[in-house]
Amino acid sequence: MERYFRLEIKLEKILLTSLIIFLFSCSEINKQRISPAYFEAYEAVSRYFFQTDNELLTQEVIENIPYASAILKIGRGKPGLIILEKKIDNKEYWISADGVYIVTKNGRIVQTQGLNNNLKFFKTNNDKVSLEAINYKNYLTYDQPTLFDLPIEVHAKPLGQEKVNLLKGETSLFLVEEEINNYKINWYAINRFWLDKDGYVWKSEQNISPKLPTFYMEITKPYK
Amino acid sequence: MRFSQLLFVSLFSLSYPCFGSIEDYYPKKIEPSPSNYGETGILELPNAKFMNSGSMRFTFSSSYPNEYTSLTASPFSWLEATYKYTEIKNNLYGPAAYSGNQTAKDKSFDVKIRLFNSESYLPDLAIGLRDFAGTGAFSSEYLVATKSFYNLHLTTGLGWGVLGSAGGIKKPLSYLSDRFDTRIKSSDLGGDFNAGSWFAGEASVFAGMEYDLKRHGLKFKLEYDTTEPDKKILSVPVNNRFNIGLNYFLSENLNLGLSYERGNQFRFTVALKGEFSKDTLKKPLPKNVVKINRDQQERILRDNSIFYRSLNKSLQDEKIFIQAAELETNKVSLSVGSSSLRSLTRVAGRSARIASALSPEAVEEIEVRLMNGSLEVNSIAFSRNEIEEGFSYKSSPQEIFTKSVLSSKSNAPLVNTSSFLPTIEFPEFTWTMSPALKHQIGGPEAFYLGQLWWRTDTTIKFSRNISLYTTFGLDIYNNFNELNNPSSSSIPHVRSDIQEYLKEGKNNIQRMKLEYMSSPLKDVFFRADLGLFEEMFGGIGGEILYRPFNKRWSLGLSMHKVRQREYKQLFGFRDYETNTGFLEMYYDFPNEVSASILAGKYLAGDKGATIDLSRRFKSGFTLGIFATLTNLSKEEFGEGSFDKGFYFGIPTELFYTDYRSGTIAFGLHPLTKDGGAMMNQHNSLYSILGDTNYHSLKSKWKDILD
């Protein structure tokens with residue numbers, strides 16, 4: 001028992017010292033001198049466990065950009081701004097600063113480019129996110145690695161209206177939840193869409209590939 | 001439908017990938033997993049599967065009485081090497097007065113080599129050795145075959161030594177030679193390869209199977225286990241030779257295992273693997289540099305300083321630092337260095353891209369001279385036309401290579417002759433700080449003793465060629481006071497007094513040395529140093545390296561007169577002093593393999609040679625092993641018989657989305673001994689110049705457009 005407590009005290013000392021180094025280092029000493037790798041590792045780890053917003057993305061910044069825009073966060077990564085490059089046949093082509101393309105149709109991500117694994121084609125029986133409870137199938141085609149027409153069963157159900165905090169302010173939107181799954185590869189996920197009464201998707205959480213984390217998207221300035 | 005049409009449609013459907021590669025889309029990717037001992041295998045048994053080359057795996061496998069902690073590396077896809085610690089929980093390390101209650105530990109090396117990689121109906125075949133250079137407590141040799149049928153993997157093999165404990169086949173190789181009749185006991189000192197025992201004595205046939213449940217990320221294991229590793233130390237009953245286990249893959253790199261073995265033991269295993277042969281994180285592309293227009297060109301022709309300033313600024317944006325530049329009528333020469341970009345060809349390509357965009361139209365040749373520290377290591381002269389074609393995707397790296405001239409002008413660096421030199425005010429002072437760790441693993445006092453310390457490195461550059469390097473250490477936390485095992489070595493204590501150094505030198509001057517470097521002749525490099533070289537030695541000395549640019553070999557000579565430092569590691573010295581020096585030969589083989597032989601006199605006065613073999617992947621990941629043989633007898637050297645060890649280096653940029661120059665380096669001598677001890681050289685010439693010759697540039701040439 002005594003040996004356990006001695007070990008406890010030693011561990012506490014090590015943990016405390018490590019914590020002091022990280023906290024003290026981050027706040028006080030010139031980062032460029034204190035082996036920057038430790039700071040970046042600390043930031044990467046803290047971002048993973050304590051998800052943070054991008055403080056640079058404010059409503060004022062958005063208003064000053066003359067293009068339609070959205071905030072995109074992939075998994076536990078930092079949120080970034082994507083800009084609408086063009087709109088063709090009801091499809092919106094968004095681009096990020098590091099050259100990643102996201103294509104949406106009626107608020108749903110239907111194509112990506114520039115990621116490690118990309119959604120190439122999206123076939124569906126249900127074009128729009130519905131405010132009614134329905135079941136249908138989607139067929140997803142990927143590259144890197146190639147996979148054609150992965151069938152996905154979708155069970156969509158509306159969950160009613162709720163207040164949502166968007167960058168532009170608090171808004172009342174309708175929440176639709178989609179349970180998606182493919183039994184063969186044991187992939188199960190939940191998509192969420194927040195729509196207004198006209199069916200416009202303002203915010204969403206979408207799972208587009210078993211090899212990619214969840215995409216979090218919020219429209220900051222819609223296309224007019 | 002006719003039969004032929006039906007056949008055609010059927011064949012077409014079978015060949016057309018309706019589901020593509022659905023194997024790649026299972027949520028948990030199931031890979032070959034480690035055995036309890038670390039190498040790829042089943043549970044107690046090995047199999048003929050391997051990790052991909054450039055991989056490393058840490059495995060912790062716990063049961064009673066044996067617990068294994070191992071590090072396995074695969075420098076090639078056909079080779080796995082494992083370093084393993086075994087804790088034998090029902091046995092003590094030594095007498096209580098010596099090691100208290102610490103349980104027995106055993107160190108060993110294992111190796112597995114692929115003989116045959118089948119892509120048809122034949123199985124994969126491998127041969128392996130377990131515990132081949134240790135005390136032999138777990139020594140085994142085996143020949144193993146594995147055949148996979150989709151999710152099912154069947155293994156069978158023949159084992160000797162501990163793997164042959166179940167017996168069954170009497171001396172299967174004795175018809176080849178009498179030497180295979182009996183196994184010879186390993187020396188008590190350990191360290192012997194004991195090759196006379198390999199594949200000798202009785203053998204057993206072992207077998208096992210694994211089944212992948214890909215939907216659930218599980219691997220089921222079942223084996224007929226012919227081992228009885230506890231036999232030699234303290235017999236533990238084997239109630240059942242069938243072992244059963246289940247591995248769960250949290251990801252392709254991390255898996256957990258639970259097994260029931262010998263009818264009386266539960267075992268828990270965790271394995272963490274990393275593959276470092278390639279950089280899988282996207283890095284920033286070269287920055288876009290706008291070509292200058294006609295007006296700007298004319299201004300540059302009137303005033304060259306505009307060109308130099310623009311060049312300096314644009315290169316800095318790429319974290320490339322200009323050391324010198326010369327703008328002539330139809331040629332631009334620039335001397336550059338980078339502390340972030342590891343690949344010299346990437347530095348050259350990005351520098352040429354910027355120089356090309358900013359140069360007047362008349363410039364036809366762009367010469368980039370690459371520097372490492374204060375030495376100009378090589379030069380690449382590009383045809384401007386060709387490289388611009390490459391930047392606009394109209395030419396390839398191979399075509400650019402045919403029009404480029406790679407050379408070395410080390411004895412006439414551009415910094416000595418150019419018209420532009422950035423202003424540097426000497427002396428120039430730089431410093432960095434970071435936390436750091438020291439370890440002592442596997443000693444009699446405790447398995448792990450260590451120190452967390454604060455490291456401060458400073459550099460004062462008095463001129464381009466002369467610098468003062470210091471490293472200070474400030475103790476944060478340590479448990480070195482538990483060290484209580486003074487050296488009983490019969491030869492000068494050049495390393496074995498490490499306990500005294502660790503206890504008394506917790507706050508220390510690790511290094512304080514003045515260094516001079518130059519290249520007096522083409523491809524001849526010289527370094528002289530004076531001061532405190534490392535924790536235990538200081539003195540005066542130097543080295544010369546001849547690195548013929550177009551050859552794969554280099555030759556060096558180093559000589560130092562040194563004195564042993566006081567334990568406190570401040571400015572005092574002990575009485576022992578010696579001369580140490582080596583003739584050094586280096587050779588770059590194909591497939592990124594390098595070898596070196598250093599022959600000479602070591603710190604304790606013994607004479608011999610050190611052989612080092614390493615593989616450095618294009619990502620910068622390095623795996624290496626070394627061994628030293630000297631004129632010391634096994635008794636003089638002590639436990640281990642001769643010095644050996646391994647090291648690896650993982651570039652930190654493999655974990656980040658930008659380029660950076662740091663390396664996570666780890667090196668291990670299984671035992672701290674005085675025989676075969678060399679001084680730790682900071683900034684050795686080969687470490688600066690090793691990958692700067694023609695063949696190294698050529699092997700990384702595709703980075704030229706990246």
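Which element gives the most to the lining of the second largest cavity? In this predicted model, the answer is β11(B), with three residues. That cavity is one of five of 30 Å³ or more in the structure. Below is a friendly tour of the cavities, then of chain A, and finally of the strands of chain B.

**The largest cavity**

- The largest cavity holds about 100 Å³ of space.
- Its lining is made up of 13 residues, and those closest to the centre are Phe122(A), Asn138(A), Leu140(A), Asn191(A) and Asn207(A).
- Four strands of chain A, namely β5 (108–113), β6 (118–124), β7 (134–143) and β9 (169–182), each contribute at least two residues to this lining.
- Sorted by class, the lining residues of the largest cavity are seven nonpolar, four polar and two charged.

**The second largest cavity**

- The volume here is about 60 Å³.
- The lining of the second largest cavity includes Pro34(B), Ser35(B), Asn36(B), Ile42(B) and Leu43(B), along with Lys221(B).
- Also in this lining are Leu246(B), Asn247(B), Gly257(B), Leu258(B), Ser259(B) and Thr269(B).
- Two or more residues of the lining come from each of β10 (242–249) and β11 (254–261) of chain B.
- By class, this lining has five nonpolar, six polar and one charged residues.

**Chain A overall**

- Chain A contains three helices and 12 strands.
- Its length is 224 residues, of which 39% count as buried.
- Take the contacts in chain A between residues at least 6 apart in sequence: 35% of these join residues at least 24 apart.

**The barrel of chain B**

- Chain B has a closed barrel of 12 strands with antiparallel pairing, in the order β1-β2-β3-β4-β5-β6-β7-β8-β9-β10-β11-β12.
- From one strand to the next, the twist averages 20°.
- Within the barrel order, β1 (residues 55–62) and β2 (residues 66–76) of chain B are paired antiparallel over eight bridges.
- On that pair of strands, Met56(B) stands opposite Ala73(B) in β2(B).
- The strands β10 and β11 of chain B also belong to the barrel, and both give residues to the lining of the second largest cavity.

- Eight bridges hold β21 (residues 508–521) and β22 (residues 524–532) in an antiparallel pair, with Met517(B) opposite Arg527(B) in β22(B).
- The hairpin of β21(B) and β22(B) has two residues between the strands, and Asp523(B) in the turn has a positive phi of about 65°.
- On to the next pair: β22(B) runs antiparallel to β23 (residues 537–546) of chain B, joined by nine bridges.
- Leu530(B) has Ile540(B) as its bridge partner in β23(B).
- Four residues lie between β22(B) and β23(B) in their hairpin.

- β25 (residues 573–588) and β26 (residues 593–601) of chain B pair in the antiparallel sense over eight bridges, and Gly581(B) stands opposite Lys601(B) in β26(B).
- Their hairpin has four residues between the strands, with Asn591(B) in the turn at a positive phi of about 60°.
- β26(B) also runs antiparallel to β27 (residues 607–616) of chain B, this time joined by nine bridges.
- Across that pair, Ile597(B) stands opposite Ile611(B) in β27(B).
- Five residues separate β26(B) and β27(B) in their hairpin, where Gly605(B) takes a positive phi near 90°.

How values were computed
Residues numbered from 1 in each chain as written. Chains lettered and ligands numbered in written order. Predicted model: local features only at pLDDT ≥ 70, side-chain atom pairs only at ≥ 80, totals over all residues. Heavy atoms only, no water. 1 Å grid on protein atoms, 1.4 Å probe; cavity = no way out; pocket = protein on both sides within 12 Å on 5 of 7 lines; lining within 4 Å. Points joined across faces, edges and corners; volume = space filled by probe spheres on them. Nonpolar A, V, L, I, M, F, W, Y, C, P; charged D, E, K, R; others polar. Pairing = 2+ DSSP bridges. Axes fitted to C-alpha atoms, helices over the stretch in contact; angles between N-to-C directions. Buried < 20%, exposed > 50% of the residue type's maximum accessible area, 1.4 Å probe, protein only. Contact = heavy atoms within 4.5 Å.
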